[in-house]
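Good morning, colleagues. Please turn to the sequence and the structure as they come up on the screen.

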Amino acid sequence: LKALDAAISSSSGYRRQSTVLAAIRWLDYAATLDPAGFARWDALRNAYFEKLDGGIPVAGADYVVKSAGIDMVYLPKGEFIKGAMKREYGRDDELPRRYVLIDYDFWIGREEMSNSQLRRIVPTFRSAKWSTYMLDMPDQPACSLDWHGACAWCERLNKAERKNIPDGYEYRLPTEAEWEYACRAGTETAFYWGNGFGAAGAEFANSLDKLAAQKLEWKPGPDMAPSDGYIVSAPCGSFKPNAFGLKDMSGNVW
């Protein structure tokens with residue numbers, strides 16, 4: 001935190017905002033290690049949130065949403081081939097393959113939403129346990145939330161950020177085409193790192209790997225990674241990004 005404080009003091013704009021988010025993430029991690037001291041870590045987190053400037057979307061630039069601490073990545077307009085190729089898993093649900101034009105710029109979160117981010121807007125939110133595994137740590141991705149609940153959360157965020165949103169802009173869920181454009185990031189392979197999963201996939205995504213299958217007593221499948229380091233969900237942003245700088249576009253929460 002001392003090192004991050006020095007970087008915060010010597011920077012400005014998006015670089016400063018993203019460094020503040022890094023400090024908040026460390027405090028989330030500290031809270032998971034010291035549940036008895038949660039109130040102390042939460043007070044420190046709130047102090048760092050006060051260091052965030054009111055991020056406003058400006059064409060060509062990334063920014064941070066202050067209310068929930070969301071790192072927003074700017075994506076330029078473009079086109080891509082939507083749908084699955086031959087021999088690709090899930091192909092029947094992803095046809096026909098076709099060119100899709102995204103004729104507008106937009107922003108999307110760099111990572112999936114964490115439990116702590118949702119709780120900034122809805123303090124009572126909790127992700128339910130799965131079997132005996134905890135999924136509600138501050139830095140784990142939010143789950144146990146359906147489409148309607150996610151849309152309602154976006155509306156609350158719009159109200160919280162109204163003074164920072166230009167006319168005609170809003171926070172909402174991405175369309176299917178927007179999501180696939182963001183996920184593929186200019187690639188045409190089955191995954192944004194290649195056509196196979198295996199050990200390479202474990203560098204980019206948290207999935208059911210051989211070690212997890214063994215611990216959960218599930219049958220291992222083909223092309224599984226040996227281990228990605230996690231039995232259930234990993235902290236948001238734990239893996240390598242795609243070419244747009246987006247993390248965890250595949251895996252982690254089903």
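This is a predicted model: local features need pLDDT of at least 70, side-chain atom pairs count only at pLDDT 80 or more; totals for chains, interfaces and linings use all residues.

I begin with helix 5, residues 147–160. At 1.5 Å a residue, its 14 residues should span 20 Å, and the end C-alpha atoms are 20 Å apart, which agrees. At the start of helix 5, the backbone nitrogen of His148 has a side-chain oxygen of Asp146 within 3.2 Å.

Which residues of helix 5 are buried? They are Ala150, Trp153, Cys154, Leu157 and Asn158. Because these residues cover an arc of only 145° around the axis, they lie on the same side of helix 5. As a general point, an α-helix has 3.6 residues a turn, so residues three or four places apart point the same way. On the other side of helix 5, His148 and Lys159 are exposed. The cover over the buried residues includes strand 1 (63–65), strand 2 (70–75) and helix 4 (115–121).

I turn now to the cores. The largest nonpolar core comprises 20 residues, and Leu75, Ile102 and Leu246 have the most contacts inside it. Two or more residues of this core come from each of strand 2, strand 4 (98–102), strand 5 (106–109) and helix 6 (176–184). Helix 6 provides the largest share, four residues.

What does Leu75 touch, once its neighbours within four places in sequence are left aside? Leu75 is in contact with Asp105, Phe106, Ile108, Ala182, Phe244 and Leu246. There is also a second, separate core of 17 residues, including Ala68, Leu118, Ile121 and Phe125.

Technical notes: Residues are numbered from 1 along each chain as its sequence is written. Side-chain values use heavy atoms; hydrogens and water are left out. The expected span of a helix is 1.5 Å times one less than its number of residues. Buried means under 20% relative accessible area, exposed over 50%, partly exposed in between (1.4 Å probe, protein chains only). The arc is that of the directions from the helix axis to the C-beta atoms. Contact means heavy atoms within 4.5 Å. A polar contact is a pair of N or O atoms within 3.5 Å; within protein, one must be able to donate a hydrogen and the other to accept it, and residues adjacent in sequence count only if both atoms are side-chain atoms. A nonpolar core is a set of buried Ala, Val, Leu, Ile, Met, Phe, Trp, Tyr and Cys residues joined through side-chain atoms within 4.5 Å.
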